[in-house]
Amino acid sequence: MNVSFKEEKLNQAAIYDIDANVHRLVRNIELLAYINPLNIAQERKNFFKEKFNYQPDFKYRKVKFKPYKLHRLFFSQRLERIENDQIQSLYKDIIYTYSGLVQCIETIKEPGNKFYFNSLRFFGTPTEKMVDNAKFILHHQVPVSEKALFEKTLSTEDAIEYFKNFRDQYGFDFSIKTSTAMSAAAMVSNNEQSLYLKKNQKFSHHDLELLGHHEIGVHLVTTFNALEQPLKVFSNGFPNNVETQEGLAVMSEYLSGNLTMTRLHELAYRVIAVDSLTKGYSFADTFDLIHNQYKLHKEKAFNITLRVHRGGGFTKDALYLSGLKKIYDLYKGGNSLDHLMMGKCSLEYAPVVNELLNQGLAIPSKYKSLSLQLEPVIDPTIDFILKNLK
């Protein structure tokens, strides 16, 4: 029997209701806002002063919501109202995922490695294949010619002007802010539709071009595409979206000719650092591995170690390289990446996104990444490495 137009609308009403309910619960929760330490500069100084034999004591923002109440409200959603099995299953996974995210935030720096174990559940741990890929990359030397690309002569103020000009190439507006409580040189706040730059940071021209394609060309493009969608799940994020979104962002670097051997090494070091974390290494031990064994400069080694050990053990950084490989293989297979740019989508849920499109519950991307529209600028050595990752 055919479903009437009225019945179809009633079915969709349940999806919209649950989507809106979940959005109200998570709209102001952003893990990176809580996981970035507030006293990085002081603890870096202490670590170097003590000749790398010091356990940093990082301070974090206080949690501004009631975790238990959120968990209770998540699991009070009546998902049986959604009659489409595929979409109902999506929202079940979303509720488990967001509840896990809340658990991550509420356990930052708690004793007993609580945050670390929640991070493992949420972001996973490097597989043997991922670690082998990282070591394969590190076998390739960084060309001496790349050194000139990273001469950091530009200030945060210069970067702000650059990104204002870069913004003009897109049809959306966003604010550019600065912060000292950041482990990265730049990051996007999805909730605020803002680009954050690290205060007193030095940049090279290459840094700015790479960050433009990574942060604006992907992270902000998907933020603003999500705002156009009828459902808020595109803004809040599909389960496992981090690997896909970071893979897209690094792929944007690759297609725009900004993915260097230095950058690939950085992504490989992150995997090695996360692997050391899962093996029980302390902050000082991970730093020692990256700095002394792999001969990475102490400032860069500190930053990578910080990213991985913040909160009590953060495994997200292993996903950049695995995400890049998955997106690279998809792209080289002649597949479009457009459906992944509709919001904070993930590869695993691409069939559900197609179902939402078919049901009129999603629309194609309004904004396009520049790197996906221009003729790709491919470095043959980088291409060889990516092709041969497992």
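**Figure 1. Overall fold of the protein.** Of the 390 residues of the protein, 55% count as buried (under 20% relative accessible area; exposed means over 50% and partly exposed in between, with a 1.4 Å probe and protein chains only). The model is predicted: local features need pLDDT of at least 70, side-chain atom pairs count only at pLDDT 80 or more, and totals for chains, interfaces and linings use all residues. Residues are numbered from 1 along each chain as its sequence is written, and side-chain values use heavy atoms, with hydrogens and water left out. The protein contains 18 helices and three strands (DSSP runs numbered from the N terminus, helices being H or I of at least four residues and strands E of at least two). Its radius of gyration is 21 Å, close to the 21 Å given by the globule rule for 390 residues, so the protein is as compact as a globular protein of that length; the radius is taken over C-alpha atoms, and the rule is 2.2 Å times the number of residues to the power 0.38. The C-alpha trace spans about 70 × 50 × 40 Å along its principal axes. Among contacts (heavy atoms within 4.5 Å) between residues at least 6 apart in sequence, 77% join residues at least 24 apart.

**Figure 2. The largest nonpolar core, with Phe-234 and Tyr-91.** This core holds 119 residues, of which Tyr-91 and Phe-234 touch the most other members. A nonpolar core is a set of buried Ala, Val, Leu, Ile, Met, Phe, Trp, Tyr and Cys residues joined through side-chain atoms within 4.5 Å. In soluble globular proteins, nonpolar side chains tend to be buried together.

**Figure 3. Thr-97 in helix H5.** Thr-97 is placed in helix H5 and is buried, at a relative accessible area of 18%. Leaving aside neighbours within four places in sequence, its contacts are Phe-122 and Pro-239. Asp-379 is 282 residues from Thr-97 along the chain, and the two C-alpha atoms are separated by 37 Å.

Figure 4. Phe-52 belongs to the loop between helix H3 (40-49) and helix H4 (67-74). Its phi is near 70 degrees, a positive value in a residue other than glycine, and its relative accessible area of 26% makes Phe-52 partly exposed. Asn-113 occupies the loop between helix H5 (85-106) and helix H6 (114-123). Although not a glycine, Asn-113 has a positive phi of about 60 degrees; at 44% relative accessibility, Asn-113 counts as partly exposed.

**Figure 5. The loop that holds Gln-201.** Gln-201 lies between strand E3 (194-198) and helix H9 (205-228). Apart from neighbours within four places in sequence, Gln-201 is in contact with Leu-154, Ser-155, Thr-156 and Ala-185.

**Figure 6. Surroundings of Tyr-281.** The loop between helix H12 (261-278) and helix H13 (283-293) contains Tyr-281, which is partly exposed at a relative accessible area of 34%. Residues up to four places away in sequence aside, Tyr-281 touches Ser-276, Thr-286, Leu-289 and His-309. Tyr-281 and Phe-203 are 78 residues apart in sequence, and their C-alpha atoms are 31 Å apart in space.
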